[in-house]
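Here is a quick walk through one protein model, written for someone who already has it open in a viewer. Take a look at the fold, then read on.

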Amino acid sequence: MVKLLMPKATAVWLIDNSGLTFEQIGDFCGLHELEVQAIADGEVAPGMHDINPVQSGQLDAEELKRCEADPDARLQVAKKAPAIRPYRSARTSQTALPGW
């Protein structure tokens, strides 16, 4: 399963800009339905900026329209979604200093 970049910010955008159910948004973002409802009520993540999943390439506009028309449908992450790589810190070489 592909993970979304910033799932709560994506949920904020879907709540504000789509006609999806809380269950559909929760399933797509990996959040519980009640957590999505709490975000919509402003109890969780107040003032959080949203992320447009269509612009970021995580969701196709056609897929969004399809799921808005059918409440039982589930959103699928776009095939061209950017991969999130795990963070790797730069390795520094440690050399002994003379006289230490």
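## Overall layout

A quick word on terms: helices here are DSSP runs of H or I with at least four residues, strands are runs of E with at least two, and both are numbered from the N terminus. On that basis, this predicted model has four helices and zero strands. Going along the sequence, the pattern reads α-α-α-α.

Of the 100 residues in the protein, 31% are buried. As for how the chain meets itself, take the contacts between residues at least 6 apart in sequence: 58% of them join residues at least 24 apart.

## The nonpolar core

Which residues have the most contacts inside the largest nonpolar core? They are Leu-14, Leu-20, Ile-25, Phe-28 and Cys-29, in a core of 17 residues. Every one of α1, α2 (22-29), α3 (33-41) and α4 (61-69) supplies at least two residues of this core. The largest share comes from α1, with four residues. As a bit of background, nonpolar side chains in soluble globular proteins tend to be buried together.

Cys-29 is worth a click. Leaving aside residues up to four places away in sequence, Cys-29 touches Leu-4, Pro-7, Thr-10, Ala-11 and Leu-14.

## How α1 meets α3

The axes of α1 and α3 come within 10 Å and cross at roughly 65°. Angles of 65 to 115 degrees count as roughly perpendicular, so α1 is roughly perpendicular to α3. The crossing of α1 past α3 is right-handed.

What does each helix bring to this contact? From α1 come Lys-8, Ala-11, Val-12 and Ile-15, and they meet Glu-35, Val-36, Ile-39 and Ala-40 in α3. Sorted by type, the residues of this contact are six nonpolar, no polar and two charged. Ala-11 also turns up among the residues that Cys-29 touches.

## Thr-10, tucked away

Is Thr-10 buried or exposed? Thr-10 lies in helix α1, and the cut-off for buried is under 20% relative accessible area. Thr-10 counts as buried because its relative accessibility is 0%.

Its neighbours come from several parts of the chain. Not counting residues up to four places away in sequence, Thr-10 touches Leu-4, Leu-5, Phe-28, Cys-29, Ile-51, Pro-53 and Gln-58. Two of these, Phe-28 and Cys-29, are among the residues with the most contacts inside the largest core.

## The segment before α1

Leu-5 sits in the segment before α1 (7-17). With a relative accessible area of 42%, Leu-5 is partly exposed.

Met-6 counts as partly exposed because its relative accessibility is 47%.

## A positive phi in the loop

Ala-45 belongs to the loop between α3 and α4. Phi of Ala-45 is near 55°, again a positive value in a residue other than glycine. How accessible is Ala-45? Its relative accessible area is 22%, so Ala-45 is partly exposed.

Definitions and conventions: Residues are numbered from 1 along each chain as its sequence is written. This is a predicted model: local features need pLDDT of at least 70, side-chain atom pairs count only at pLDDT 80 or more; totals for chains, interfaces and linings use all residues. Side-chain values use heavy atoms; hydrogens and water are left out. Buried means under 20% relative accessible area, exposed over 50%, partly exposed in between (1.4 Å probe, protein chains only). A nonpolar core is a set of buried Ala, Val, Leu, Ile, Met, Phe, Trp, Tyr and Cys residues joined through side-chain atoms within 4.5 Å. Contact means heavy atoms within 4.5 Å. Axes are lines fitted to C-alpha atoms, for helices over the stretch in contact, and angles run from 0 to 180 degrees between N-to-C directions. Angles under 35 degrees count as roughly parallel, over 145 as roughly antiparallel, 65 to 115 as roughly perpendicular and the rest as oblique. A crossing is left-handed if the near helix is turned anticlockwise from the far one by less than a right angle, and right-handed if clockwise. Ala, Val, Leu, Ile, Met, Phe, Trp, Tyr, Cys and Pro count as nonpolar, Asp, Glu, Lys and Arg as charged, and the others, Gly among them, as polar.
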